[in-house]
Structures are given as structure tokens and as C-alpha cells.
Amino acid sequence: MEEHGYFYRDTWAEIDLDCIAENVISVKKQLPQEVDIFAVVKANAYGHGDVQVAKTALAAGAVYLAVAFMDEAIALRNKGINAPILVLGATRPEDIRMAARFSITLTIFQKEWLEEAQKHLLTDERVSLHIKVDTGMGRLGVRTSEELKAVEQMILGDDRFQLEGIYTHFATADELDDSYFQEQLALFETILGALTKRPKYIHCSNSAAAIRFPKAYFNAVRLGIVMYGLTPSIEMEKEIPFPLKEAFSLQSRLVHVKKLQKGDKVSYGATYESDQEEWIGTIPIGYADGWIRKLQGQEVLVGGKRSMIVGRICMDQCMVRLPSYMPIGTTVTLIGRQEDQFISVNEIADKLDTINYEVPCIIANRVPRLYKKGGKIVDIKNYHLNN
Ligand code: PMH
């Protein structure tokens with residue numbers, strides 16, 4: 001690796017791009033040929049790295065990318081991504097020219113938005129649009145056939161607008177009780193009936209629905225969490241018909257190792273006290289990296305063994321009670337595998353009383369990302385460059 005691609009810190013996240021490719025391929029195998037995959041790479045690809053995941057997903061068979069905000073789409077364009085990109089969130093109407101300039105597809109759901117956007121777009125500019133239908137998520141979208149008709153008419157009446165798609169989003173596709181999902185799907189089908197012409201893409205499934213409900217495929221699915229090798233929910237864990245490959249791991253190294261005597265204290269508040277002679281190691285990761293204070297007491301892997309984080313987690317560092325003396329430089333795995341031990345993203349989510357989605361998302365930009373393919377490092381995203 002060139003020196004400028006390097007980082008100067010003994011903490012990093014590893015993203016195994018082969019896992020991402022395999023997960024996309026596994027889903028694709030399940031889908032009929034006419035159903036396309038939109039790879040959801042918002043929030044820096046759920047913390048994994050937008051451009052690296054986008055390229056991997058496209059190479060594995062995804063045809064479209066989806067992000068939350070136009071800034072994320074522009075960032076991908078600036079990094080050389082030419083594939084179509086859908087912005088799932090709301091965009092300001094006055095920003096529509098940026099969508100035209102960067103060939104970014106926007107989500108729309110208000111007639112008034114289109115009226116305002118018309119004022120900003122030049123005659124020769126074109127923007128591709130997907131209409132969002134709110135069938136019960138209560139977030140964004142037209143809620144009735146009448147609203148849909150009004151929006152469709154506005155789009156069809158202006159050459160600068162190109163209606164490419166229509167979609168909705170499920171609130172409960174990952175829950176075993178599918179009654180609310182069925183209601184949403186039925187409402188979507190009813191509302192679709194109000195269209196005068198069906199656009200190229202009709203899509204509504206997230207990962208959970210893409211795995212469980214073929215009748216909700218239409219002709220595209222929006223794949224997020226499963227692409228990263230994570231389960232949409234704990235209750236769905238057993239329903240996934242192929243092995244998920246968890247792509248994200250988090251590693252650090254011991255930067256200081258010392259022997260404490262009975263009664264010695266560790267970290268802010270001096271809340272941890274050794275009750276016997278023991279080895280304590282320091283690792284350079286803390287709450288500013290997203291390894292938040294609530295993770296005190298969480299186990300990490302050192303020398304293939306589970307070891308506990310003791311004392312308060314500081315902004316940039318925390319301390320680990322080692323099973324025995326370990327030299328400086330020993331790898332500490334906070335998420336991932338060492339020998340027969342595995343700390344999954346789900347384990348960390350459980351400790352934090354949250355969902356697995358949140359875990360890689362909150363690992364800060366300050367933590368370098370190291371990309372692997374075929375077991376080799378192929379790219380590094382560090383903090384001081386390439387961010
Ligand atoms: N489509 C939309 C509109 C989404 O908001 C999301 C994820 C996905 C598809 C992909 O879902 P999946 O990761 O379950 O496959 N959105 C969010 C969210 O807003 N909060 O958590 C996940």
C-alpha cells in the first residue's frame with residue numbers, strides 16, 4: 001500500500017468485500033430474473049464504505065444504488081460511480097438542478113413540490129423520478145389514489161420530469177406476524193391501480209421482504225442489511241435460506257500492557273478496582289469512535305479468548321482485563337472472529353439494547369476502514385485522506 005493510503009493508529013474496521021458480493025449473489029439466485037436489485041448504500045453503506053460497497057454490489061449483480069440524501073449521491077458520482085442512484089429521502093425542490101446535473105433519481109410525493117421544482121429546472125434539463133407511496137410506514141409518500149393521480153398528472157405533463165418508478169416501504173416485514181405487511185401490500189396494489197401508466201420500476205421490498213415474500217417482488221427489491229451479512233431482525237434469523245456472511249469486523253491492538261496489584265484502579269471515576277494481581281491492556285478506541293461508554297463490561301477477543309472491558313470507556317481509549325500477559329501489538333478483536341470465538345454485530349447490538357443496523361453506522365469516520373478481497377487488502381479509507 002502506498003504510504004498516503006496508510007493510517008497511524010492501531011484501530012481499524014475490516015470490510016470483507018467478498019462477503020458483500022456473496023450476500024448479493026445469494027439473494028439474486030433466489031429472485032426471478034426480471035427482478036432487479038437496488039443496493040442500499042446510504043449512511044456510508046451502513047458504515048461500511050459507500051464507494052467500495054457500491055462497486056462490489058454492482059459487480060455482484062445489483063443494477064441500481066439507493067441513498068438517503070442527495071449529498072450521498074453526489075459523493076458517489078464524485079468517486080466515479082456512474083450507475084443509477086435513487087435518493088430515498090426528501091430533496092428540496094430548489095435543489096432539483098443538482099439532480100439533473102448529476103443524473104440522480106429523486107423520490108417525490110407532493111404535487112406542490114413538483115410545482116416549485118418546475119420553477120428551477122431549465123427547459124433542456126431532465127430528472128428521473130420515483131413516486132413514494134405511504135402505505136403505513138407513516139414517513140414519506142402519497143397516501144391516497146387521488147394524491148397519486150395528481151402527482152402522476154403533473155409529471156406526465158412536463159417533459160423535464162421522467163417517471164421511472166413507484167415504491168413503498170414496509171414497517172414490519174421483519175416481524176413473524178405478517179398481518180400489517182399484508183395490509184400495506186394490499187394498499188400498495190390498490191393505489192397502483194390509480195396510475196394511468198406503470199413506470200419501469202415498481203419496488204417495495206427491503207431485505208426482510210425480499211427474503212420472505214415473493215409476491216412483493218414486483219420488479220425490484222431494495223437490499224440493505226442482508227447485503228452486509230446481517231439479519232433484518234432476531235426473530236427472522238432462522239428464516240434466511242442461505243448463509244449470511246458478516247462483512248464488518250472491528251480490530252485494535254494492545255498499545256500498553258501492565259500488571260496491576262490488588263486495589264489498583266482503572267479509568268475515570270476510578271470505578272474499577274483489581275481484586276487480585278492482573279494484567280490490563282489499553283486499546284486505542286473510545287466513545288468518540290462510536291465504541292460508546294455503554295460498552296463497558298463488553299467482551300473482546302485477545303489471543304482467542306474472551307476478555308472484558310473494565311473501567312469507564314474514555315473518548316479515545318479503553319482498558320481490557322487480559323487472561324494473561326500479552327505483548328504490545330497483540331490484536332484485539334472487538335467485532336469478528338478469533339480462533340473458535342466470534343463476537344457478532346448482533347452481540348454488540350444486544351449489549352447496547354439496539355438493532356444491528358445501528359452498530360456499524362455508529363463506528364465513526366475516525367476509524368479507518370480496510371477493504372479485503374480474496375483475503376488481501378485492496379483499499380484503505382483513512383481519516384486524514386480519502387475520507
Ligand atoms: N428502502 C428504504 C426506503 C429504506 O429506508 C431502507 C432502510 C431500505 C430500503 C433497506 O432496508 P434493509 O436494510 O432492511 O434491507 N432504511 C432504514 C431506516 O430508515 N432505518 O433503518 C433502516
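A: An oxygen atom of the ligand lies 2.8 Å from a polar backbone atom of Ile-225, which is a polar contact, meaning a pair of N or O atoms within 3.5 Å (within protein, one must be able to donate a hydrogen and the other to accept it, and residues adjacent in sequence count only if both atoms are side-chain atoms). Taken alone, the ligand exposes 480 Å², and the protein buries 82% of that; accessible areas come from the Shrake-Rupley method with a 1.4 Å probe, and for residues only the protein chains shown count as cover. This is a predicted model, in which local features need pLDDT of at least 70 and side-chain atom pairs count only at pLDDT 80 or more, while totals for chains, interfaces and linings use all residues. Residues are numbered from 1 along each chain as its sequence is written, and side-chain values use heavy atoms, with hydrogens and water left out.

A polar side-chain atom of Ser-207 is 2.5 Å from an oxygen atom of the ligand. For Arg-139, an N or O atom of the side chain lies 2.8 Å from a ligand oxygen atom.

The residues around the ligand (those with a heavy atom within 4 Å of it) include Val-40, Leu-88, Asn-206, Arg-222 and Gly-224. By class, this shell has five nonpolar, four polar and three charged residues. Ala, Val, Leu, Ile, Met, Phe, Trp, Tyr, Cys and Pro count as nonpolar, Asp, Glu, Lys and Arg as charged, and the others, Gly among them, as polar.

The ligand takes up the space of the largest pocket; a molecule sits in a pocket if more than half of its atoms lie within 2 Å of its grid points. On a 1 Å grid over the protein atoms alone, a pocket is an open set of points with protein on both sides within 12 Å along at least five of seven lines, where a 1.4 Å probe fits, and lining residues have an atom within 4 Å of a point. The largest pocket holds about 840 Å³ of space, a volume being the space filled by probe spheres set on the points, which are joined across faces, edges and corners. Of its 38 lining residues, Lys-42, Tyr-46, Arg-139, His-169 and Tyr-357 are the closest to its centre. The lining has 20 nonpolar, ten polar and eight charged residues.

Helix 2 (42–46), helix 9 (207–212), helix 10 (345–351) and helix 11 (358–362) each supply at least two lining residues; helices are DSSP runs (H or I, at least four residues), numbered from the N terminus. Helix 2 also contains Asn-44, which has a positive phi of about 55° although it is not a glycine. Most residues other than glycine have a negative phi.
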